[in-house]
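Here is a set of questions about how the labels given to a protein model follow from the values behind them. Each answer sets a value against its cut-off and then concludes.

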Amino acid sequence: FDMSYWNVTFPLDALAAAAAMYYQVSGFHIAFVLEIMTLVLAVGANLLCFLNTITCCIHGRSCFTPIPKFGPLGIMKLTHEAFRTGIPVLRSALEALEPSQSQSIDSFAQLLQEFITVHHSHA
């Protein structure tokens with residue numbers, strides 16, 4: 001749950017208000033049914049968001065920061081963390097590189113190849 005769920009309630013409230021005004025202007029029976037349906041939908045959405053916000057506050061979670069979720073875009077966040085920690089490791093491996101030792105070159109090449117692979121899959 002995050003606060004962006006409240007973005008759904010305003011358009012539903014506006015739709016319910018428009019349906020109520022349409023019924024007042026037209027007086028059609030079907031407009032009254034439409035008014036009741038949109039009002040029930042708007043009240044239900046507002047109540048659901050309100051209860052989620054209260055539950056969030058009771059459990060001590062911040063309402064203004066979303067709960068980390070796993071999904072297709074969750075991998076991007078993890079990849080960015082890998083880059084943040086991988087670049088200093090790569091830099092320190094480059095600084096410790098001894099051109100005269102082939103094992104040192106091979107280990108740096110392996111680190112660089114892993115970084116490039118992750119970067120290409122990210123891009």
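A residue is called buried when its relative accessible area is under 20%, exposed when that area is over 50%, and partly exposed in between. The model discussed here is predicted.

Q: Why is Ala45 called buried?
A: The relative accessible area of Ala45 is 17%, and Ala45 is therefore buried, since the label asks for a value under 20%. Ala45 lies in helix H2, and, not counting residues up to four places away in sequence, Ala45 touches Thr9 and Leu12. The C-alpha atoms of Ala45 and Tyr5 are separated by 9.3 Å, although these residues are 40 apart along the chain.

Q: What makes Ala42 count as buried or exposed?
A: Ala42 has a relative accessible area of 3%, so Ala42 is buried, the limit being under 20%. Ala42 also lies in helix H2, and, with neighbours within four places in sequence left aside, its contacts are Leu12, Asp13 and Ala16. A separation of 6.5 Å is found between the C-alpha atoms of Ala42 and Thr9, which are 33 residues apart along the chain.

Q: Why does Ser104 count as buried?
A: Its relative accessibility is 14%, and Ser104 therefore counts as buried, because the cut-off is under 20%. Ser104 has its place in helix H4, which spans residues 102–122, and it touches Ala96, Leu97 and Glu98 when residues up to four places away in sequence are not counted.

Q: How do you know that Arg84 and Glu81 meet in a salt bridge?
A: The N to O distance between their side chains is 2.4 Å, and a salt bridge requires a side-chain nitrogen of Lys or Arg within 4 Å of a carboxyl oxygen of Asp or Glu, so the pair qualifies. The structure holds 1 salt bridge. Both residues lie in helix H3 (residues 74–95), where they are 3 residues apart, about one turn of the helix.

Q: What makes the aromatic pair of Tyr23 and Phe32 a tilted one?
A: A search of the whole structure finds 2 aromatic pairs. In the pair formed by Tyr23 and Phe32, the rings are 5.1 Å apart from centre to centre, with 50° between the planes.

Q: How do you know which residues form the nonpolar patch on the surface?
A: Patch residues need over 30% relative accessible area and no salt bridge, and nonpolar side chains are joined within 5 Å, so these are the tests to apply. The patch is formed by Tyr22, Phe28, Ile30, Phe32, Val33, Leu34, Ile36, Met37 and Val40, which together have about 860 Å² of accessible area. Its largest share, 7 residues, comes from helix H2 (residues 29–58). Phe28 is found in the loop between helix H1 (9–26) and H2, and Phe28 counts as partly exposed because its relative accessibility is 48%.

Q: Why do Cys49 and Cys56 count as buried?
A: Cys49 counts as buried because its relative accessibility is 8%, and Cys56 counts as buried because its value is 2%; the label asks for under 20%. The structure holds 0 disulfides.

Q: What makes up the secondary structure of the chain?
A: The chain has 4 helices and 0 strands, and from the N terminus on its elements run α-α-α-α. Buried residues make up 20% of the 123 residues, and the accessible surface comes to about 9300 Å², with 70% belonging to carbon and sulfur atoms. Among contacts in the chain with a separation of 6 or more, 52% are accounted for by residues 24 or more positions apart.

Notes. Residues are numbered from 1 along each chain as its sequence is written. This is a predicted model: local features need pLDDT of at least 70, side-chain atom pairs count only at pLDDT 80 or more; totals for chains, interfaces and linings use all residues. Side-chain values use heavy atoms; hydrogens and water are left out. Patches are made of residues with over 30% relative accessible area and no salt bridge: like charges are joined within 9 Å, nonpolar side chains (Val, Leu, Ile, Met, Phe, Trp, Tyr) within 5 Å. Accessible areas come from the Shrake-Rupley method with a 1.4 Å probe; for residues, only the protein chains shown count as cover. Helices (H or I, at least four residues) and strands (E, at least two) are DSSP runs, numbered from the N terminus. Buried means under 20% relative accessible area, exposed over 50%, partly exposed in between (1.4 Å probe, protein chains only). Rings of Phe, Tyr and Trp (its six-membered ring) pair if their centres lie within 6.5 Å; planes under 30 degrees apart count as stacked, over 60 as edge-to-face and the rest as tilted. A disulfide is a pair of cysteine sulfur atoms within 2.5 Å. Contact means heavy atoms within 4.5 Å.
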